[in-house]
Amino acid sequence: MSARHLLAAAGAAALIAAAAPAQAALSQLNANWYTLSANHIDANVSIPGFTTGLVQNTLGPDGMPVRSAASTGFPLSSSNHILDVDANNQILWWTPGNRTASRLAGPVNYSVSIDPFYSSPVAIPFNQPSNLFPGGGPSNANGFLALHMFGTFEAPAGGQITITMGADDDAWVFINGQLVVDLGGVKALTPAPVTISGLAAGTNRIDVFFTDRNVVQSGLVFSADVVFNPIDVPEPASLALLGMGLLGLGALARRRRA
């Protein structure tokens with residue numbers, strides 16, 4: 001084989017390798033970890049307990065949970081009245097930045113930052129019923145941990161999935177952008193199974209949102225009767241290989257036309 005053909009073959013192989021989906025040996029989900037500052041506007045307010053209906057039934061335009069009208073119906077003294085939202089009422093607990101909002105005592109300057117201690121992806125089942133604190137520390141004295149897990153799964157026969165989940169504190173699960181598990185409120189962790197039926201045949205996307213908002217413990221347990229696959233995001237090196245493969249195929253096509 002000539003050098004020209006070797007280069008083209010190598011480019012084609014790189015193209016195929018870069019385009020092929022990653023095969024996860026374990027059930028896994030992508031994970032983005034965040035730390036809410038200790039003075040976060042929605043943390044350490046009152047503790048009303050388990051509360052459904054704090055978010056709307058569909059994700060917002062940026063793929064985040066949206067605060068409901070029911071949430072703003074609670075008094076400002078309640079942690080159920082969520083204040084850290086954007087112009088579309090999307091909750092910003094999973095969005096880094098420095099922000100200002102007002103509760104009863106007036107304006108508060110607070111922040112959300114990426115937590116560098118935890119990694120992605122995470123193995124499912126996820127089982128840490130206590131001591132889930134920022135930076136892997138012994139307490140949440142320095143802030144409150146938030147987590148967004150996401151990935152895909154294939155709908156089993158009958159188009160259903162059974163999820164077992166418990167959270168201290170707020171947690172919501174969305175499948176294909178629709179709310180299917182609602183564990184809102186500042187509360188203790190009480191895992192329970194939920195079966196969701198009527199799923200689309202084939203590949204489904206799942207988004208799991210969790211946030212701790214009180215200094216009394218923090219934990220999350222999550223499992224399901226399907227295998228999860230993290231959504232593959234090409235690394236810069238993979239993108240470079242993809243580009244080389246396209247160039248090689250293009251050069252080969254031009255030479256064949258010559």
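## Surroundings of Ile 161

Setting aside residues up to four places away in sequence, Ile 161 touches Phe 153, Ile 175, Val 194, Thr 195, Ile 196, Leu 199, Ala 224, Asp 225, Val 226 and Phe 228. The model described here is a predicted one. Ile 161 belongs to strand β7, which covers residues 161-168. Its relative accessibility is 0%, and because buried means under 20%, Ile 161 counts as buried.

Gly 198 is 37 residues away along the chain, yet the C-alpha atoms of Ile 161 and Gly 198 are separated by 9.3 Å.

## The chain as a whole

The chain contains 3 helices and 12 strands. It has 258 residues, and buried residues make up 44% of them. Among contacts between residues at least 6 apart in sequence, 75% join residues at least 24 apart.

The chain exposes about 12300 Å². Carbon and sulfur atoms supply 60% of that area.

## The sheet that contains β7

Strands of a sheet pair through backbone hydrogen bonds, in either a parallel or an antiparallel sense. Strand β7 takes part in an open sheet of 4 strands, in the order β5-β12-β7-β10, and the pairing is antiparallel. The edge strands are β5 (126-128) and β10 (192-196), each of which pairs on one side only. From one strand to the next, the twist averages 20°.

Within this sheet, β7 pairs with strand β12 (residues 219-224) in the antiparallel sense, over 6 bridges. Gly 166 stands opposite Val 221 of β12.

## Nonpolar cores

The largest nonpolar core has 31 residues, and the members that touch the most others are Met 149, Met 165, Ile 206 and Phe 222. Elements giving two or more residues to this core are β1 (28-36), β6 (144-154), β7, β8 (170-175), β9 (178-183), β11 (203-211) and β12. A second, separate core holds 19 residues, including Tyr 34, Trp 93, Trp 94 and Ala 146.

What does Ile 206 touch, not counting residues up to four places away in sequence? The contacts of Ile 206 are Leu 29, Met 149, Phe 150, Gly 151, Phe 153, Ile 163, Val 173, Phe 174, Ile 175, Phe 222 and Phe 228.

## Strand β1 and its partners

Strand β1 is largely enclosed by the rest of the structure, because 7 of its 9 residues are buried. With β6, strand β1 pairs in the antiparallel sense over 7 bridges, and Asn 32 stands opposite His 148 in β6.

Two other strands also pair with β1. Strand β3 (residues 106-114) runs antiparallel to β1 and is joined to it by 3 bridges; in β3, Val 112 is the bridge partner of Leu 36. Strand β4 (residues 122-123) is likewise antiparallel to β1, with 2 bridges, and Gln 28 stands opposite Ala 123 in β4.

## His 40 in a loop

His 40 lies in the loop between β1 and α2 (69-72). Is this residue buried or exposed? His 40 counts as buried because its relative accessibility is 2%. Leaving out residues up to four places away in sequence, His 40 touches Asp 84, Trp 93, Tyr 110, Ser 111 and Val 112. Of these, Trp 93 is a member of the second core, and Val 112 is the bridge partner of Leu 36.

## Backbone features in the loops

Two cis peptide bonds may be noted. One joins Ser 120 and Pro 121, with omega about 0°, and Pro 121 is placed in the loop between β3 and β4. Another joins Ile 124 and Pro 125, with omega about 15°, and Pro 125 lies in the loop between β4 and β5.

Positive phi values occur at two asparagines. Asn 89, in the loop between α2 and β2 (97-103), has phi near 65°; at 28% relative accessibility, Asn 89 counts as partly exposed. Asn 176, in the loop between β8 and β9, has a phi of about 50°. Asn 176 counts as partly exposed too, at 40% relative accessibility.

Note on methods. Residues numbered from 1 in each chain as written. Predicted model: local features only at pLDDT ≥ 70, side-chain atom pairs only at ≥ 80, totals over all residues. Heavy atoms only, no water. Buried < 20%, exposed > 50% of the residue type's maximum accessible area, 1.4 Å probe, protein only. Contact = heavy atoms within 4.5 Å. Pairing = 2+ DSSP bridges. Axes fitted to C-alpha atoms, helices over the stretch in contact; angles between N-to-C directions. Core = buried A, V, L, I, M, F, W, Y, C linked by side-chain atoms within 4.5 Å. Areas by Shrake-Rupley, 256 points an atom, 1.4 Å probe, with all protein chains shown as cover.
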